Amino acid sequence: GVPVYRFCIENASGASVSVMNYGCTIQAIRVPDRNGTLTDVCLGYRTLAEYEQNNGYLGAVVGRHGNRIEKGIFQLNGTEYHLAVNDGPNHLHGGICGFDKRVWDASIEGQSVMFHRLSPDGEEGYPGNLDVRVTYTFTDDNRLLLQYRAETDADTVVNLTNHCYFNLSGEGKGTIRNHILRIPAGSFTENDADCLPTGTVLSVEGTPFDFRAAKPVGRDIGADDGQLAIGHGYDHNFALSGRDAAELYSPESGVAMNITTDMPGVQLYTANFLERIPGKRGALMEPHGAVCLETQEFPDAVHHADFPSPVLRAGAAYHRETELTFDVR
């Protein structure tokens, strides 16, 4: 019974980004390929009903805390909080009805769309009233800027990210195994059997997780490696040392995407469990049919003192940015 709106931000060249106030969802990113043809490089659905009915968080902002929290339990200031458990024994992407399933207020500001909502104290078990703003800006040089801002009236935890599924060859154009990926990180967080960080940070040196030199996403995805076996592919957090987060390139279309951020980590997820559901073009989605590069705080950081802290104190300001720049080769 709540109206949902879609906004299209079109730049001077005709490239565009379509976003919805349901889940702050990016529904489409249309940028030119090497032939100048506009190509939609993110997965999505045609109708709102499909977004409501299907899982996968396609293009949505996830929160209040993206990624996993062990058993949905954490302690803060001596109080134990119990969150919704929705991923085996753990809490994932904000819970059963997280930010991805909420209708946000929206306003237009030039080449930007700003989404806003107040997440009330106790929502999905989180403490504090959290005032959240997410702004998408698309520029004439094909840069998509994602800005996250939040304030709280009580200490809480916050980890906001966007869960866009990218296929730079175009939606419905096969798998991303031949996409060329570079992630400059020298280490990643080890996962347990439930894809939850163990607390150990591993070097990428000599492993399938070494993307410091660009390589095809699928080159090592089937390697005999215990970490890959857990998630049936990549589903891991890489520890960043600067703003350079990742670079993805499709040899088929010539579209390249560069990601910079002020967040400490980026989750590489190779859509290992993507359901075979029709997308916007009618083609069935498929496992490894896209790649997610979610800039983020470390997963389950509330239980690991040596991870960057996701705690937002009352009266303090949360402000994170991620920028996606599209060009061709």
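**View 1. The second largest pocket and its lining.** The second largest pocket is lined by Asp 33, Leu 38, Thr 39, Asp 40, Ser 169, Gly 170, Glu 171, Lys 173, Ser 253, Lys 280 and Arg 281. The model shown is predicted, so that local features need pLDDT of at least 70 and side-chain atom pairs count only at pLDDT 80 or more, while totals for chains, interfaces and linings use all residues. Residues are numbered from 1 along each chain as its sequence is written, and side-chain values use heavy atoms, with hydrogens and water left out. On a 1 Å grid over the protein atoms alone, a pocket is an open set of points with protein on both sides within 12 Å along at least five of seven lines, whereas a cavity is a set of points where a 1.4 Å probe fits but cannot get out; lining residues have an atom within 4 Å of a point. The volume of this second largest pocket is about 170 Å³, where a volume is the space filled by probe spheres set on the points, and grid points are joined across faces, edges and corners. Its lining has 1 nonpolar, 4 polar and 6 charged residues; here Ala, Val, Leu, Ile, Met, Phe, Trp, Tyr, Cys and Pro count as nonpolar, Asp, Glu, Lys and Arg as charged, and the others, Gly among them, as polar.

**View 2. The largest pocket.** A volume of about 570 Å³ belongs to the largest pocket. It is lined by 26 residues, and those closest to its centre are Tyr 57, Arg 68, Asp 87, Leu 92 and Tyr 269. Sorted by class, this lining consists of 12 nonpolar, 8 polar and 6 charged residues.

**View 3. The largest cavity.** Among the 13 residues that line the largest cavity, Tyr 51, Asn 54, Tyr 57, Leu 58 and Asp 100 lie nearest its centre. The lining divides into 6 nonpolar, 4 polar and 3 charged residues. Tyr 57 is named here and is also listed for the largest pocket.

**View 4. Strand S13 between its two partners.** Strand S13, which covers residues 143-152, is mostly covered, with 7 of its 10 residues buried, where buried means under 20% relative accessible area, exposed over 50%, and partly exposed in between (1.4 Å probe, protein chains only). Strands (E, at least two residues) and helices (H or I, at least four) are DSSP runs, numbered from the N terminus, and two strands pair if DSSP finds at least two bridges between them. Strand S12 (residues 130-138) runs antiparallel to S13 and is joined to it by 9 bridges, while S13 and strand S26 (residues 317-328) also pair in the antiparallel sense, over 9 bridges. Gln 147 of S13 is the bridge partner of Thr 135, and Gln 147 also stands opposite Glu 321 in S26. The hairpin of S12 and S13 has 4 residues between the strands, and in it Asn 142 takes a positive phi near 60°.

**View 5. The second largest cavity.** With a volume of about 90 Å³, the second largest cavity is lined by residues that include Leu 146, Tyr 148, Cys 164, Glu 294 and Thr 322. S13, strand S15 (161-162), S24 and S26 each supply at least two residues of this lining, and S24 gives the most, with 3 residues. The lining has 7 nonpolar, 4 polar and 1 charged residues.

**View 6. The hairpin of strands S17 and S18.** Strand S17 (residues 187-191) and strand S18 (residues 197-203) run antiparallel and are joined by 4 bridges, with Ser 187 paired to Ser 203 in S18. Between the strands of this hairpin lie 5 residues, and Cys 195 takes a positive phi near 60°.

View 7. Thr 270 lies in the loop between strand S23 (265-269) and strand S24 (292-296). Thr 270 counts as buried because its relative accessibility is 0%. Leaving aside neighbours within four places in sequence, Thr 270 is in contact (heavy atoms within 4.5 Å) with residues including Ile 176, Tyr 234, His 288 and Val 291.
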